[in-house]
Structures are given as structure tokens and as C-alpha cells.
Amino acid sequence: FPSHDIRCRNASENADNLVENVQKHSHFLLAMIDDFILSIRAESDEYKMEETLIETLLDEAIYQVKELMLSRGMSISYPSNEPVFLNVDARLMIRVLVNLLGNAIRYGEAGGQVSLECKVMSKTMVTIVITNQVGKHSEALANSPEQKGFGMGLEFIQMVVKKHNGQFKQSISSKQGDAATVEIALPCIPLGVLS
């Protein structure tokens, strides 16, 4: 009887591992398909623009990087701001923010904090600033911030921001402990003009 119990337990563990592997591969495949769709969409001449609260975009982006953030023992500081509306393709802009926050977490100092701030520069312009401390494996980010996949790295970010009539700047050192900063400046909708 004991050997039968061991075989049953091993079969059960193997089935659990198989299910877990299928789930991992499924999520990976779905992410690749989503990357492919977003890369095609980013190259489109016309974006699906909608009035969106900037806080909604940032909240979704933070939610999507939460697992990575927790795995590196990091946190994101994000003070609440006055309401600011943008006219954006929300799905593409969320992906831009996810990429930037993901890089800040991936290449930042483990256990550190990523600072996320929105600055209203004028009635028609807002800047999103992401700052963190550079970690010990940051050379990869400073030298080549591209991610594997369908061009969802720096080129994707620059294209999407430019097509939103915005600007992208980065100041990234390869020296551990230095501050790394990326900024996206985007046109915002003055509160009195909302439809």
C-alpha cells in the first residue's frame, strides 16, 4: 500500500507541474500576441483617442507591474495630484508606462523605491516623471533599453509618445546608485474644454 500512495502522490505532483507549465506557456503566448497587436497598432496612422484621466492610466500601469515590483522588494511612490485629462490611445499609453515602470523596477536598486510624479507644466501640457536608483545590472538599460519581443522597448515608447504630440527624455547612468530619470511630456485637456 505505501508504494501505491507514493505513485499516486508522484502522479498528482506531475499533473500539478504540467498544469502550472501549461499556464505559464499560455500566459507567455498571450503576452507575445498582445505585444504583436500593440506593435502593429502603434505603427498605425490613426490612434483610437479618448479622453482619459491620467490617474487611470497610471493606476493600471502600476497594477500591471505590481508582481515584478513585489518580487524585487520595491515600492512605487505616487502622490495624488489634481485631476488631469489626456486625449490618448489608452491601451498604447498604458503599455508605454508599463514598459518604463518595468524597466525602472528591473534595473533599479533591489528593495528601493521608484518615484512617479505628474507635473502640470501649463494649461495644455503635463509631464510624467519616473525616477529610481540605478541597480548593479543597469549597464543593459543604459546601453540598450530594448526588450525582447516585437519592438516593445525604447523605439515603441518614442513612437507612441511622438504620435501623441508628446516628448520623451531620459537620463540614465550606468553607475550603480545614481539616479535614473525618464520623462514623458504630453498635451493635456484644459478642464474647461472637456466634452
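Which strands and which helix do the buried residues of H2 pack against? I started my notes with that one, keeping in mind that this is a predicted model.

**Entry 1: the neighbours of H2.** I looked up the packing and found helix H3 (90–106) on the list. The strands there are S1 (50–53), S2 (75–77), S3 (85–88), S4 (113–122) and S5 (125–133). Next I wanted the residues behind this packing. The buried residues of H2 are Ile 54, Leu 57, Leu 58, Ala 61, Ile 62, Val 65 and Met 69.

**Entry 2: the length of H2.** I checked the span of the helix, which covers residues 54–71. With 18 residues at 1.5 Å a residue, H2 should span 26 Å, and its end C-alpha atoms are 26 Å apart, so the two agree.

**Entry 3: the bend.** Where does H2 bend? I found the bend at Val 65, and it comes to about 50°. Val 65 is also on my list of buried residues.

**Entry 4: after the helix.** I followed the chain past H2 and came to Gly 73. Its phi is positive, near 65°.

**Entry 5: S4 and S5.** I went back to two of the strands that H2 packs against. S4 and S5 form a hairpin, with 2 residues between them. They pair in the antiparallel sense over 7 bridges. I picked out Leu 116 and looked for its bridge partner in S5, which is Ile 130.

**Entry 6: S5 and S7.** How many bridges join S5 and S7? I got 9, again in the antiparallel sense, with S7 running over residues 179–189. Here Val 129 stands opposite Glu 183 in S7.

Conventions. Residues numbered from 1 in each chain as written. Predicted model: local features only at pLDDT ≥ 70, side-chain atom pairs only at ≥ 80, totals over all residues. Heavy atoms only, no water. Helix = DSSP H or I, 4+ residues; strand = E, 2+ residues; numbered from the N terminus. Expected span 1.5 Å × (residues − 1). Bend = angle between axes of the 7 residues up to and from the residue. Buried < 20%, exposed > 50% of the residue type's maximum accessible area, 1.4 Å probe, protein only. Contact = heavy atoms within 4.5 Å. Pairing = 2+ DSSP bridges.
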